[in-house]
Amino acid sequence: SADFAMTRTGEARFAAEPVNAAIDKRFEGEWAGAMRVNGREASVRIALSNPRGKGAVGRMILDGGASFPLEVVQSGDTLTLTRRF
């Protein structure tokens, strides 16, 4: 445990969701795995879909439920997933 405090100093600003081209149906769905960060392992899920009229939508969902949008690029049989900060 640790003490933690935050103060807001301005209006909230959020990056726009990435605009992705549609991906093959075979990549759609939820993928589960684990990643190691700073010597600790955490479960992670990647959710990929092609909602009508939106192109591909990718989300990374971490252990605690935090969810982050992903840039999704398909090149043949390869997907590249990028989280832009």
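**A tour from loop to core**

Start by selecting Asn50, which sits in the loop between β2 and β3. The model you are viewing is predicted.

Is Asn50 buried or exposed? Its relative accessibility is 18%, and buried means under 20%, so Asn50 counts as buried. Now show what surrounds Asn50. Beyond its neighbours within four places in sequence, Asn50 is in contact with Ala22, Ile23, Glu28, Gly55 and Ala56.

Next, select the strands on either side of the loop. β2 covers residues 40–49, and β3 covers residues 57–62. The two run antiparallel and are joined by six bridges.

Now bring in the whole sheet. It is open and has five strands, in the order β1-β2-β3-β4-β5, with antiparallel pairing. Which strands lie at the edges? They are β1 (29–37) and β5 (78–82), and each pairs on one side only. Look along the sheet. On average, neighbouring strands are turned by 30° against each other, direction ignored.

Next stop: the core. Select Ile23, Phe27, Ile46, Leu48, Ala56, Leu70 and Val72. These seven residues form the largest nonpolar core. β2 and β4 (67–75) each supply at least two of its residues. In soluble globular proteins, nonpolar side chains tend to be buried together.

Finish on Leu48, one of the core residues. Leave aside its neighbours within four places in sequence. Leu48 then has contacts that include Ile23, Phe27 and Val72. Also in contact with Leu48 are Glu28, Gly29, Trp31, Val57, Gly58, Leu79 and Leu81.

Notes: Residues are numbered from 1 along each chain as its sequence is written. This is a predicted model: local features need pLDDT of at least 70, side-chain atom pairs count only at pLDDT 80 or more; totals for chains, interfaces and linings use all residues. Side-chain values use heavy atoms; hydrogens and water are left out. Two strands pair if DSSP finds at least two bridges between them. Helices (H or I, at least four residues) and strands (E, at least two) are DSSP runs, numbered from the N terminus. Axes are lines fitted to C-alpha atoms, for helices over the stretch in contact, and angles run from 0 to 180 degrees between N-to-C directions. A nonpolar core is a set of buried Ala, Val, Leu, Ile, Met, Phe, Trp, Tyr and Cys residues joined through side-chain atoms within 4.5 Å. Buried means under 20% relative accessible area, exposed over 50%, partly exposed in between (1.4 Å probe, protein chains only). Contact means heavy atoms within 4.5 Å.
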